[in-house]
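Please keep the sequence and the 3D view open while reading.

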Amino acid sequence: MKKLFVYGVVAMAIMATSCEKESDPNGDAGIVDKPVTEADTVFSEITVEQHKANIEEEGVAMLDKIQLMEQEPAIDANYSMATLMDESTPFKNAGISAEQLKSAIAFAPVYASAKINETGVEGILKSTLINPAEEPETIQEMFDELVGIYEWNPNIYEWDYTDTGDDIVLKFPAVEGGTSNNASYTVTYVGYTDPNPLQDVEDGYMGDIPQNVAATLKVDGSEVSKFTANAVYDSEGIPTSIDVTFSMGEFVWNANLTNTVNAAFDAEASFKHANNTILKFAFGVAGDWTEANIEDNFAITYYAEWYDEELGYWVSGEIDESELDNFDYTWSEVEFDVHKVIKEGNASFQAMNMKIVGAIDAEKLGDAIEAIPEGLYDNDEDEAVAKEIEAMNEHVSLSLRYGDSNEIIALIEAYPISEEYSYEEYYYDGEWHDTPRTITETDYWIGMRFVFADGSKVDMETYLDEGFDDLIQELEDWADSLEETYGK
C-alpha cells in the first residue's frame, strides 16, 4: 500500500492536463479555438534545478497542509461512527447493509475520511462525485421510513431507535471506545419528484431522485463537518448542475458538474485548506452529440467471404447489410468519428502552486490522425508514429507553470521513443532449417518530455522520478504514521 500511496501522491501533486481560455492570462481551465504557443507566454528565468527544488518544496508544503487534517475532530468522530455502523448497521430493519451505506450519498464521505489510510485525500474527493440516477436508496419513501433518532447503546452494541422528528439523527461517541454519545450526525433530504430518466428505465418506479441532501456532524454541540449535495434538473429530469461540498473545519472538498444537453459538459473537483488550493481537477468537453450528429458520424461496414467458382479460390469483399443472410462467413467493422462529436476538450490539475495548462483542438487532431494511411503502421511504423507526433505537437499545447505568476517552467512536447527487441524463429527457404535465425525488430511509441528555457529536454517520467528525495521520504513517513494510527 505504501509504495502505491507514495508514488500516487507524487504523481497527483505534479501531473495534469488542461485547456486555457485565450482571454484569461492566468491560464484557468477552459476551451479555446487554437493552441497556446510559446510566443503567448513568458518563461521563468530561474534554472532547471531551481524549478525542481521549487516543485519539491511545493510538494512538501502540500503534505504539511494535508497533515493538519489529522487534527480535525471530525476524523476521529467519523472513524468512530463508521466502526460502529460496520459493527451494527443502524438501518438493518429497513434492509440496508453496511456495504450499501458506504456508497450512499450522505455516508460515503464519512467512510472515506474514516479510512484515510486507504483512500487518501483523493478518496474523500471521489466520494463527493455522485450520480443522482444511481441513488435509488435515497428516495423519499425510504428516507421517511428511516427518519428518527438512533442512539448507540454500548451495553448491547446496538442502536436504540426512537421514531420521532423529520430527520435521520445518529448519536454516538466521538472517539472509538467512548461511552458518552457526545457526537451527532443529522441527515436531511429533499427529493426531485418531477419526471426523470430513472422512471424510464426502472419498471414501475415513479419515485424521486435526490435534489437536496445535507448531513451535519457535531461534537459536543459544535459543528465539525458538513456535507451538502444540490442538483438542478431540466424539464425532462436530466441534471444540468450538481454541486457537492464536504467540509471538515477549514478543509473543504467540492465537486461541481454542469451539463448543457448535447453540447457541453464540465466537471471540477477541488480540495482546499482555508482559501488555499491544495488539489484541483477540472474536465470539460464541447461538441455536438445530438442523435442526428452521432448517426452522421457512425457507420457500420459489412464484409463476407465466399468461394469463387470461376477463380477457384476464396475471396472476400464488402457487401450490403441486406445480403448478410446470403453468406456463411460475414463480419462487420464499426467506424465512429468521435472527434466530430466531441470537438474540444479540457482536463486540468493543480497542486499547490504548480499546474499544467494547455489547449487542444480535438477535431483537427482527429482529422490529422485519421489522415495517416493505415498501411503505414504495418510497413513504416516509425513514420506513422512521427506523423502522430507532428499532429499532437501542432494541435495540442501543454506547459508546466507556476500557479501564481503563470510563468512557464517548461513546455511539454511529444517525441518518439524506440526500442529494439530480438527473437528467434525457425524458417523455411525451400528447406526447413534446424538452427533458428535471430530476428531483430523495433517498437515505436510516443513519449512526453519537458522542454526548458535553456533548450534542455528531459523525459517527464525521468524528471519526476529523480531528485525528489525529501518529498518521497516525507510521504513514506506519513504513510507509516497513518498505518500506525488507523491500522494497516
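Arg437 is partly exposed, with a relative accessible area of 38%. The model is a predicted one. Arg437 forms a salt bridge with Glu425, and the closest N and O atoms are 3.1 Å apart. This pair links distant parts of the chain: Arg437 sits in strand β18 and Glu425 in strand β17, twelve residues apart. Glu425 also counts as partly exposed, at 27% relative accessibility.

## Salt bridges

How many salt bridges does the structure hold? There are three. The table sets them side by side.

| Salt bridge | Closest N to O distance |
|---|---|
| Arg437 and Glu425 | 3.1 Å |

Lys457 is partly exposed, with a relative accessible area of 45%. Which residues do salt bridges with shared partners join into one network? They are Glu413, Arg449 and Lys457.

## A buried charge without a partner

Glu388 is found in helix α12 (residues 381-395). Glu388 is buried yet has no salt bridge. Which side chain of opposite charge is nearest to Glu388? It is Lys387, 11 Å away. What does Glu388 touch, leaving aside neighbours within four places in sequence? Its contacts are Ile369, Ile372, Tyr377 and Ile446.

## Surface patches

One surface patch is negative, formed by Glu318, Asp320, Glu321 and Glu323. Of these residues, Glu321 has its place in the loop between β12 (313-319) and β13 (329-336).

Another patch is nonpolar and covers about 410 Å². Its members are Ile294, Phe298, Ile300, Val334 and Phe336. Two strands, β11 (298-308) and β13, each supply at least two residues of this nonpolar patch. Phe336 is found in strand β13. Is Phe336 buried or partly exposed? Phe336 counts as partly exposed, at 36% relative accessibility. A patch residue must have over 30% relative accessible area, and Phe336 has 36%.

## Positive phi angles

Tyr157 has a positive phi of about 55°. Tyr157 lies in the loop between β1 (148-153) and β2 (158-162). Asn406 has a positive phi of about 65°. Where is Asn406? Asn406 lies in the loop between β16 (396-402) and β17 (408-425). Asn406 is buried, because its relative accessible area is 10% and buried means under 20%.

## The whole chain

The chain has 14 helices and 19 strands. Of its 488 residues, 42% count as buried. The accessible surface comes to about 25,600 Å², and 47% of that belongs to carbon and sulfur atoms. Among contacts between residues at least 6 apart in sequence, 58% join residues at least 24 apart.

Key: Residues are numbered from 1 along each chain as its sequence is written. This is a predicted model: local features need pLDDT of at least 70, side-chain atom pairs count only at pLDDT 80 or more; totals for chains, interfaces and linings use all residues. Side-chain values use heavy atoms; hydrogens and water are left out. Helices (H or I, at least four residues) and strands (E, at least two) are DSSP runs, numbered from the N terminus. Buried means under 20% relative accessible area, exposed over 50%, partly exposed in between (1.4 Å probe, protein chains only). Contact means heavy atoms within 4.5 Å. Accessible areas come from the Shrake-Rupley method with a 1.4 Å probe; for residues, only the protein chains shown count as cover. Patches are made of residues with over 30% relative accessible area and no salt bridge: like charges are joined within 9 Å, nonpolar side chains (Val, Leu, Ile, Met, Phe, Trp, Tyr) within 5 Å. A salt bridge is a side-chain nitrogen of Lys or Arg within 4 Å of a carboxyl oxygen of Asp or Glu. Lys and Arg count as positive and Asp and Glu as negative; His and the chain ends are not counted. The place of a charge is taken as NZ of Lys, CZ of Arg, CG of Asp or CD of Glu.
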